[in-house]
Amino acid sequence: MYRVDLTVRPRPGVKDPQAEAVQESLQRLGRGGVSVSAVGRVLSMLIDCDDANEAHRITADLCDRLLVNPNLESYEIAVTEES
């Protein structure tokens, strides 16, 4: 069993209205020194497979077919073995 943490972010240069909204809220709270570059999402999954490479391959396939819009988003995959 492998734990997969998939981090999805907007691609650089893509308009990120959520990041803009968070930035505006931080400024209203008086946190002008904080700069938000992106707001994305994290998907944590458990995958039952033989090894970490297979867990990575399965996750990449899911990203390509369902979880990520490649025109607007990029992703990173982190795989760890569950004990």
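How many helices and strands does the protein have? There are 2 helices and 3 strands. Their order along the sequence is β-α-β-α-β. The model is predicted.

**Overall shape**
- The radius of gyration of the protein is 16 Å, while a compact globule of 83 residues would have one near 12 Å.
- The C-alpha trace spans about 50 × 30 × 15 Å along the principal axes of the protein.

**Burial and surface**
- Buried residues make up 24% of the 83 residues.
- The protein has an accessible surface of about 5,900 Å².
- Carbon and sulfur atoms account for 48% of that surface.

**Contacts along the chain**
- Take the contacts in the protein with a separation of 6 or more: 73% of them join residues 24 or more positions apart.

**Charge**
- The protein carries 9 positive and 14 negative side chains.
- The centres of these two sets are 10 Å apart.

**A look at Thr-80**
- Thr-80 sits in strand S3, which covers residues 73-81.
- Its contacts, leaving aside neighbours within four places in sequence, are with Tyr-2 and Arg-3.
- Thr-80 and Leu-46 are 34 residues apart along the chain, and their C-alpha atoms are separated by 9.7 Å.
- Is Thr-80 buried, exposed or partly exposed, and why? Thr-80 has a relative accessible area of 44%. Buried means under 20% and exposed means over 50%, so Thr-80 counts as partly exposed.

How values were computed. Residues numbered from 1 in each chain as written. Predicted model: local features only at pLDDT ≥ 70, side-chain atom pairs only at ≥ 80, totals over all residues. Heavy atoms only, no water. Helix = DSSP H or I, 4+ residues; strand = E, 2+ residues; numbered from the N terminus. Rg over C-alpha atoms; globule rule 2.2 N^0.38 Å. Buried < 20%, exposed > 50% of the residue type's maximum accessible area, 1.4 Å probe, protein only. Contact = heavy atoms within 4.5 Å. Areas by Shrake-Rupley, 256 points an atom, 1.4 Å probe, with all protein chains shown as cover. Lys, Arg positive; Asp, Glu negative; His and termini not counted. Charge placed at Lys NZ, Arg CZ, Asp CG, Glu CD.
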